[in-house]
Amino acid sequence: MFRKQRREARRRRGRPIRQGSLLEDVRVWTRRFAVIVMVLVAGALIVIDRVEAPVTRDMRAGLADLFAPVIAAVSAPFHAAAEWFDAFESNATVRERNAELQREVERLRVALQQLPALEDENRRLRAIANAGNRIKGRHVTATVVADTDGPYVRSLLVGAGSAEGIGRGMAVINGDGLVGRIVEVGSHTSRVLLVTDLNSRIPVQLAESGLRALLAGTNGRRMRLNYVPPNVSVSAGALIVTSGHGGVLPRGIPVGRVDSVSRHAILVRPLVNWSRLTFVRIVNYSTTGLVQDSPDGTLRREVGRRAETP
Amino acid sequence: MSEPIQRAVDRAVRRSFPMATAVVASLAGLIDVPAAEYNRIAPAFTLIAVYCWSVWRPDLLPLSGVFLIGLFEDLLRGLPLGLTALMLLVAAGFVQHQRAYIFGRSNPFLWLVFGLLTVSWMAVEWLAMSILLGQILDPEVAAFRYAATFGLLPVGAALLLAVQRSGMQNV
């Protein structure tokens, strides 16, 4: 790479092999032993991490807290550049978008007129079903600090942690829909497992038919809709929302739209635009109504505890 | 501060450049570039830094340091803890062991060796993640990541060479 070092290397090649001293031997063996220890430690860590030990979770969260400001500062120019490119739109694009937005406003006006009637109908149906299942809780807005997305793990760091009342399992949403859920919590940062991650499993339902299924991440651009009965027809474009089953996520959050339907798989495209994800809202919710049905106090206590979590 | 102490501190700082640049490379992989799918195919910056320093100055890049950088990256990126540490350790160990055959050769030869190392890296990473996640993952991502990492070596090496030339003479 550079001449001086090349010359030195040539000179070294010409030298006779020096017999190693005892000290040199000891040093070599110590080095080898250290390498073996490190390999074993790495293997052990992989196994420990697989069982999701709290200690590794805390270590990750602590380190993310420490480096989040640095990563955010370095990422800032890239975001500024992206915004600049966004602003650089042609007149034709702006005109086209304006027309599109006007059509959207008209459509929403019509929908808005129907809203009171739908709300009333919804209230009456809930009363009939005695469901009493409603979402309450508070929202925390957080900035996306770092996109720790990789080829095999799809996650990001957000700038809110336990100090802001964030807890594991909380839903993370933005204006488009469900982004993911909190899996690690530090003091001022949290890690969000995205809905597209391979480990993500979300109980969902089709917004129109109410058909329940499980949405699984694939690490790719689309997610897979699992456990759909074979005799049910699902059409492309159908909206998928969270079903709220399992008590992990609130009900009714839009997640994606059916992209393609084949004999082997139903693929869903997420609603969230990942490249424009700057702010998210973290939902701390509690589900009431389940408590009354519990024969003993166990569930009441569990739900109550979740509701009390700040 | 007396002059000998100043000189010792200055030397220590300069000798820490390889480790420092490897940490910076690790952080560079976390930069949030708002471009679609960038992060899925982002180059393995740390591998580039570790490879270059393992060839040029292995005395300033101890394997224990490489191991710690790997752990640091695993913790920060949410990867299985120990995986990158193990892979970086093996990669650095291999390069340092074979350094006599690599060092002082032409740039295309260095690039070729890096290409072989990166192919092995991506294949092992893909295989390990497929095993850990319990299903065969899309190899396309690994292929794109390989191309990005391999293609970036000249740029990364030039930057690190500038660091070496400007601040690491006679250390």
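## Contact between the chains

The contact draws 41 residues from chain B and 44 residues from chain A, two residues being in contact if their C-beta atoms, placed from the backbone, lie within 7 Å. On the side of chain B that touches chain A, the elements giving two or more residues are α4 (63-77), α5 (83-97), α7 (107-133) and α8 (139-167) of chain B. Of these, α4(B) supplies the largest share, 6 residues. Helices (H or I, at least four residues) and strands (E, at least two) are DSSP runs, numbered from the N terminus.

By class, this side of chain B has 29 nonpolar, 7 polar and 5 charged residues. Ala, Val, Leu, Ile, Met, Phe, Trp, Tyr, Cys and Pro count as nonpolar, Asp, Glu, Lys and Arg as charged, and the others, Gly among them, as polar.

## Basis of the model

This is a predicted model, in which local features need pLDDT of at least 70 and side-chain atom pairs count only at pLDDT 80 or more, while totals for chains, interfaces and linings use all residues. Residues are numbered from 1 along each chain as its sequence is written, and chains are lettered from A and ligands numbered from 1 in the order in which they are written.

Chain A has 5 helices and 12 strands. Buried residues (20 or more other C-beta atoms within 10 Å of their own; exposed, 12 or fewer; partly exposed, in between; C-beta atoms placed from the backbone) make up 28% of its 310 residues.

In chain A, 6 strands close into a barrel with antiparallel pairing, in the order β6-β7-β8-β11-β10-β9; strands pair if DSSP finds at least two bridges between them. Strands β7 (residues 212-216) and β8 (residues 223-226) of chain A pair in the antiparallel sense over 3 bridges. The bridge partner of A:Leu214 in β8(A) is A:Asn226.

Not counting residues up to four places away in sequence, B:Val50 touches B:Ala22, B:Leu61, B:Val66, B:Leu88, B:Ala91 and B:Ala92.

## Helix α1 of chain B

Of the 13 residues of α1(B), the number buried is 0, so this helix lies largely in the open. B:Arg15, which has its place in helix α1 of chain B, is partly exposed, with 15 other C-beta atoms within 10 Å.

B:Arg15 touches B:Leu60 and B:Val171, not counting residues up to four places away in sequence. B:Arg15 and B:Met168 are 153 residues apart in sequence and 7.1 Å apart in space, C-alpha to C-alpha.
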